[in-house]
Amino acid sequence: MLSYRHAFHAGNFADVFKHVLLMQLIEALCRKDKPFFLFDTHAGAGRYDLLATPARQNEEFRDGVGRLWHESGLGAELSAYREQVRALNPDGELRFYPGSPRIARAGLRPGDRLVLTELHPSDHPLLKAEFAGDRQTAVHAADGYAALKAFLPPPERRGLVFIDPPYERKDEFDRLVEAVRLIHRRWAGGMIAIWYPILDRAPSTRWQRALQALQIPAILCAELGLYPYDGPLGLHGCGMIVINPPWRLDETLARLLPELLQRLRTGAQGQTRLEWLTLAP
Ligand SMILES: C[S@@+](CC[C@H](N)C(=O)[O-])C[C@H]1O[C@@H](n2cnc3c(N)ncnc32)[C@H](O)[C@@H]1O
């Protein structure tokens, strides 16, 4: 079953959170001269037209990237993120939105490598076309979880696995625990970032306990909640788990999360969370 299409949600508040954080991870990888490997397991279409029918259905981008488009005084991270979106919209009108593969690609240096997997029969060809002729980017119509075994550990020995599944399946959080276990076994030094939705608090809390039990020394959790977690069913917020986070990411996020909340909130409510789930001395 593959019914989720990211085109309906592109550029919403969750994408802003996800893509700004992804940029921080890539920027950190660029601090060392050695090449890195980046694997985006659930890549989507790579680019979205916000004037096309799916995005126009609920216009979610208006409460996301749309809120930042004309803002002044953005902090350095949000400003760099908006520049990336602007690069796809040279005439200054917000129309195209970069998915995680485009955000990732913009951060690569000449020696770095990007692998993208996407299973959806409609989104995979779009992704393939988006990166046609790009020698640093490989696009596969494959199951991102199954492909972990094929690509890890990478010869570069440094890099990131970015996991952003649709959470359509009831067992998605269980699959993620297995994926983390497998990645960490094959590539203990690799960075892993996993985006997750907060609809009802309980599943992600249970999942985080399961991650803590894996005995991985450094797991950071960052969350942005825009709506009360006990409110009517819906996307109340979202989070990112970062395993083996870069040095001082926590300090950057301590500044960035409150700014995201301030810029994206729709009323007085809202909250952020930044917490080490595990941190070895
Ligand atoms: C949330 S969207 C990805 C959005 C994208 N990461 C971004 O930020 O622009 C999740 C994507 O995963 C795809 N997908 C679902 N199951 C998959 C699997 N097992 N392997 C690879 N892709 C999958 C869906 O078709 C969908 O495009």
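The legends below describe close-up views of a predicted model.

**View 1. Packing of helix 8 against helix 9.** The axes of helix 8 (residues 172-186) and helix 9 (residues 201-212) cross at roughly 20° and come within 10 Å. The two helices, helix 8 and helix 9, are therefore roughly parallel to each other. The crossing in which helix 8 passes helix 9 is right-handed. From helix 8, Phe173, Leu176, Val177 and Val180 meet Pro203, Trp207, Ala210 and Leu211 of helix 9. By class, the residues of this contact divide into eight nonpolar, no polar and no charged.

**View 2. Packing of helix 1 against helix 4.** Helix 1 (residues 13-29) and helix 4 (residues 76-87) pack with their axes 10 Å apart, at an angle of about 105°. Helix 1 and helix 4 are therefore roughly perpendicular to each other. Helix 1 contributes His19, Val20, Met23 and Gln24 to the contact, and these residues meet Glu77, Leu78, Ala80 and Tyr81 in helix 4. The contact of helix 1 with helix 4 comprises five nonpolar residues, two polar residues and one charged residue.

**View 3. Surroundings of the ligand.** The ligand is surrounded by 21 residues, of which the closest are His42, Gly44, Gly99, Ser100 and His120. Divided by class, the shell around the ligand holds nine polar, seven nonpolar and five charged residues.

**View 4. The cis peptide bond between leucine 152 and proline 153.** Leucine 152 and proline 153 are joined by a cis peptide bond, with omega at about 0°. Proline 153 is placed in the loop between helix 7 (144-151) and strand 6 (159-163). For context, most peptide bonds are trans.

View 5. Most residues other than glycine have a negative phi. The loop in which glutamate 59 is found lies between helix 2 (53-58) and helix 3 (65-68).

**View 6. The chain as the setting of the close-up views.** The secondary structure of the chain comprises ten helices and ten strands. Taken along the principal axes, the C-alpha atoms of the chain fill a box of roughly 45 × 45 × 40 Å. The radius of gyration of the chain is 18 Å, which agrees with the value near 19 Å that a compact globule with 281 residues would have.

Key: Residues are numbered from 1 along each chain as its sequence is written. This is a predicted model: local features need pLDDT of at least 70, side-chain atom pairs count only at pLDDT 80 or more; totals for chains, interfaces and linings use all residues. A residue is near a molecule or strand if its C-beta atom, placed from the backbone, lies within 6 Å of it. Ala, Val, Leu, Ile, Met, Phe, Trp, Tyr, Cys and Pro count as nonpolar, Asp, Glu, Lys and Arg as charged, and the others, Gly among them, as polar. Axes are lines fitted to C-alpha atoms, for helices over the stretch in contact, and angles run from 0 to 180 degrees between N-to-C directions. Helices (H or I, at least four residues) and strands (E, at least two) are DSSP runs, numbered from the N terminus. Angles under 35 degrees count as roughly parallel, over 145 as roughly antiparallel, 65 to 115 as roughly perpendicular and the rest as oblique. Two residues are in contact if their C-beta atoms, placed from the backbone, lie within 7 Å. A crossing is left-handed if the near helix is turned anticlockwise from the far one by less than a right angle, and right-handed if clockwise. The radius of gyration is taken over C-alpha atoms; the globule rule is 2.2 Å times the number of residues to the power 0.38.
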